[in-house]
Amino acid sequence: SCGSSAAANSSATVLLLGETGTGKEVMARALHRWSPRAFKPFVVVNCAALPESLLENELFGHEKGAYTGAVRREAGKIEAAEGGTVFLDEIGDMPAGLQTRLLRLLQDQEFYRVGGAQSIRTDVRFIAATNKDLKEAIQDGGFREDLFYRLNVVPLVVPPLRNRTEDVIPLAKLFMTKYGLELGKEVTDIDPRAVKTLQQYPFPGNVRELQNMIERAM
């Protein structure tokens, strides 16, 4: 869309909204690929996958001696993405303490490694994604309102697959090609009865469910 193209060509922070499995990470990768940062790293951080201390280390890295077992300085994913894009998946699940650190990073474009005293300047573009209603989370006290506005510079909604039925068959054929190459099989078409079934199915699991369905079929 025009909005996606304009967002890709800027360094503005993008917030991708949509149900689980709609392809938010695919969209984030596309925004990076279409951007002037395309030849720099694209780094993914899942904000729900780790407890707060490990997620903090994953994002910001640490200095030698910052904690037991930190035998050398290690860069985090923000440093690894220098000049490129950091994709913060499931941002609605980020712990409150890290929300504060992320807000400061977005405001100042600098951060400290865990255990560090020297600030580090950075040039990265942030794309965040969530399947949660962040405004509701703000009211419940689970998400910082000021961080929401910092992230919500360019909001893009990725609609569920049931609302874009015209995409079902092209996506199915794309996945057929993908798994055909992986499995050494060549399938060139979809039976008309299967086409009708796919077009009528509501896909509660969205694109991810379609992909799994085609993989099983292949």
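Biologist: How are α3 and α5 oriented to each other, roughly parallel or roughly antiparallel?

Modeller: Happy to walk through it, bearing in mind that this is a predicted model. Helix α3 covers residues 52-60 and helix α5 covers residues 96-108, and they pack at an angle of about 20° with their axes 10 Å apart. Angles under 35 degrees count as roughly parallel. The two helices, α3 and α5, are therefore roughly parallel.

Biologist: Which residues of α5 make the contact with α3?

Modeller: From the α3 side, the contact is made by Glu52, Leu55, Glu56 and Phe60. By class, the contact of α3 with α5 has four nonpolar, one polar and three charged residues. On α5, the residues are Gly97, Leu98, Arg101 and Leu105.

Biologist: Is Leu55 buried or exposed?

Modeller: Leu55 sits in helix α3. Leaving aside neighbours within four places in sequence, Leu55 is in contact with Val45, Asn46, Cys47, Leu50, Pro95 and Leu98. Buried means under 20% relative accessible area. Leu55 has 0% relative accessibility, so Leu55 counts as buried.

Biologist: Which side chain makes a polar contact with the side chain of Glu63?

Modeller: Glu63 lies in the loop between α3 and α4, and at 14% relative accessibility Glu63 counts as buried. Not counting residues up to four places away in sequence, Glu63 touches Ala70, Arg72, Arg73, Arg113, Val114, Gly115 and Gly116. The polar contact of the Glu63 side chain, at 2.8 Å, is with the side chain of Arg113.

How values were computed. Residues numbered from 1 in each chain as written. Predicted model: local features only at pLDDT ≥ 70, side-chain atom pairs only at ≥ 80, totals over all residues. Heavy atoms only, no water. Axes fitted to C-alpha atoms, helices over the stretch in contact; angles between N-to-C directions. Helix = DSSP H or I, 4+ residues; strand = E, 2+ residues; numbered from the N terminus. Parallel < 35°, antiparallel > 145°, perpendicular 65-115°, else oblique. Contact = heavy atoms within 4.5 Å. Nonpolar A, V, L, I, M, F, W, Y, C, P; charged D, E, K, R; others polar. Buried < 20%, exposed > 50% of the residue type's maximum accessible area, 1.4 Å probe, protein only. Polar contact = N/O pair within 3.5 Å; in protein donor to acceptor, adjacent residues only side chain to side chain.
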